[in-house]
Amino acid sequence: MSHSTEAVPDTGTEPKSLHPFSGFLLPGICFTSGYCVWLLDMESTPNPIESYKEVWVISPDEEVTLYIDPVEAAPYVELYHNFDRVVGADITWKQADVSGIKAEMNAEDGSTLSIQATLGSSTGTNLLNAITTLTPQPVLRTPIGESISNLSFGLLMDANELKVAGFTDGQEPYRVEAETLRVITEATATLNEEDLGEVSPPDRRIEFGDAIVPNEPFVSFGELFLPFAAE
């Protein structure tokens, strides 16, 4: 994975440099119980906590809990997103590759989560992977390139208006650069030993700024670009 740094386009305020956070991102998978789960593995970051794991749980009554391993990384994550609760946890990836994601979580508040998802390809992910491979990164990082990326993603995936480049709910710019995109073909999860039900599109709009839970859940392997926390 590349580790370049560049300035975002001028939006009328002082531009911020974006830096790569490498790993994978599952931006929301919802279940018929009304729960939604996000998974993020930041294998390499520019922050003082160089790597950390995140599980976001959104309950049917809209409470958003960040479970994080190690808990010392929480202040950096909270610079980008707003949470109702933040809890330290032991998060283990039993599997994390292009064929599947399996995770186990044991949190300091006694909460437990077990989730596994099978990953596959679709016409949309195949085309988007090809576009990313064939388009030079300097082009993708221009305002026009980001607009084309957002448009292409919206046309080829049931993204529910999720943007691959935009702003977080903390008003920080972000951009996702996927080396590989995969769709979730099936998944199961239990929270505190309760089955969360079948995978389903979100039953309400769940958003963190321009990062909106898609109707078609997917996993992005690559880099999430964000401002460096110390800036």
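**Cores.** I looked up the largest nonpolar core first, and I find 28 residues in it, with Val37, Leu39, Val55 and Ile115 having the most contacts inside it. For me a nonpolar core is a set of buried Ala, Val, Leu, Ile, Met, Phe, Trp, Tyr and Cys residues joined through side-chain atoms within 4.5 Å. Buried means under 20% relative accessible area, exposed over 50% and partly exposed in between (1.4 Å probe, protein chains only). Two or more residues of this core come from each of strand 2, strand 3 (36–44), strand 4 (52–58), strand 6 (85–97), strand 7 (100–107), strand 8 (112–120), strand 10 (173–191) and strand 14. I also noted a second, separate core of 25 residues, which includes Cys30, Trp38, Val64 and Tyr174. As background, nonpolar side chains tend to be buried together in soluble globular proteins.

**Ground rules.** I am working with a predicted model, where local features need pLDDT of at least 70, side-chain atom pairs count only at pLDDT 80 or more, and totals for chains, interfaces and linings use all residues. Residues are numbered from 1 along each chain as its sequence is written, and side-chain values use heavy atoms, with hydrogens and water left out.

**Valine 55.** Leaving aside residues up to four places away in sequence, I see Valine 55 touching Val37, Trp38, Leu39, Thr65, Leu66, Tyr67, Ile91, Met105 and Leu113. A contact here is heavy atoms within 4.5 Å.

**Whole protein.** I get four helices and 14 strands; these are DSSP runs numbered from the N terminus (helices H or I, at least four residues; strands E, at least two). Of the 231 residues, 50% count as buried. Among contacts between residues at least 6 apart in sequence, 60% join residues at least 24 apart.

**Cavity.** How many cavities of 30 Å³ or more does a search of the whole structure find? It finds one, and the volume of the largest cavity is about 40 Å³. A cavity is a set of points on a 1 Å grid over the protein atoms alone where a 1.4 Å probe fits but cannot get out, and lining residues have an atom within 4 Å of a point. Grid points are joined across faces, edges and corners, and a volume is the space filled by probe spheres set on the points. Strand 2 (17–30) and strand 14 (218–227) each supply at least two lining residues. Among the lining residues I listed Phe21, Met42, Val176 and Glu223.

**Leucine 151.** This residue sits in helix 4 (residues 143–156). Buried or exposed? Leucine 151 is exposed, at 54% relative accessible area.

Terms used: On a 1 Å grid over the protein atoms alone, a cavity is a set of points where a 1.4 Å probe fits but cannot get out, and a pocket is an open set with protein on both sides within 12 Å along at least five of seven lines; lining residues have an atom within 4 Å of a point.
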